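Have the model open as you read.

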Amino acid sequence: MSVVVVGASGAVGSLVVSGLVERGLPVRATSRDPRKLSAPPQVEVFAADLNEPASFGPALAGADRVFLYADLEDPEALVAQLVRSGIRDVVLLSSSAVTLPGASDDFNGSRFLRVERAIEASGLDYTFLHPGGFASNAARWSWSVKGESTVPLPYPEAVQVPIHEADIADVALVALTGDTLSGATPVLTGPERLTLREQVTTIGEVIGRTVSVIEQTEAESVAMLSQYVPEVWVRQIVKDWREAVGTEPAVSGEYARIMGRASRSFREWVGDHMELFR
């Protein structure tokens, strides 16, 4: 069985590649720019662009399964290429946004739903992974933690259940190496609810110095983030924070059910990525 990992330079995709290699499976890794990949020598590396589905032909030839993420401009065209290439199973990194009310009208939910629907209509076997907010979103704060030991935020009491990217990769590997998750759509979260302020405090505790929140207005936050992130994403990020204040988001038990162990905490994530903040 040969597995193609799309987006192998990403936080989750790179862990999927290494996990497949550890299991002794043939792995093909794709990237728009293969020079960005630092894959093990036994991994075949292919240049492929999600906006040019035909470019995946060489990577897909003779492969069985694909790990795919859902940031696609034309999902129908890429899915058609998967079918033509003889792929039988897709493990899709989607989002828990598709499970929320009004998902089809939401920026995040609608784009992920379109990919899922294209795969469902194709007749391919699939597993849709639905993670909530990534713990790695805290990496956006690294510059201010390093420089000022502060994090500017408009809604520090927004509540999240941040998930470690390694947990997502673990479940993806189960789906890619067997059939127990065929047709499954697990919602994946971390083990605990944390406000943004609590996440900032945790970072300080792990790196050994006090890190404080500087409260911003929403307009100040939008102006600051827009220097680094496309505006459509900035609006979504701030909207998500605003709407998460005072909430009690669900803590999923799916990781523990699938893996037989507890999911990794946000504190563990910070410990695994201390270099970002020191």
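Contact here means heavy atoms within 4.5 Å. Among contacts in the protein chain between residues at least 6 apart in sequence, 73% link residues at least 24 apart. Keep in mind that this is a predicted model, where local features need pLDDT of at least 70, side-chain atom pairs count only at pLDDT 80 or more, and totals for chains, interfaces and linings use all residues. Residues are numbered from 1 along each chain as its sequence is written, and side-chain values use heavy atoms, with hydrogens and water left out.

The chain has eleven helices and eleven strands, taken as DSSP runs numbered from the N terminus (helices H or I, at least four residues; strands E, at least two). As for burial, 51% of the 278 residues are buried, meaning under 20% relative accessible area with a 1.4 Å probe, protein chains only. The C-alpha atoms fill a box of roughly 55 × 40 × 35 Å along the principal axes.

Now for the helix pair. How do α1 and α6 cross, left-handed or right-handed? The crossing is right-handed; that label applies if the near helix is turned clockwise from the far one by less than a right angle. The axes come within 9 Å and cross at roughly 50°, with axes being lines fitted to C-alpha atoms over the stretch in contact and angles running from 0 to 180 degrees between N-to-C directions.

| Helix | Residues | Residues in the contact |
|---|---|---|
| α1 | 11-22 | A11, V12, L15, V16, G19, L20 |
| α6 | 165-176 | E165, A166, I168, A169, A172, L173, L176 |

How values were computed
Buried < 20%, exposed > 50% of the residue type's maximum accessible area, 1.4 Å probe, protein only.
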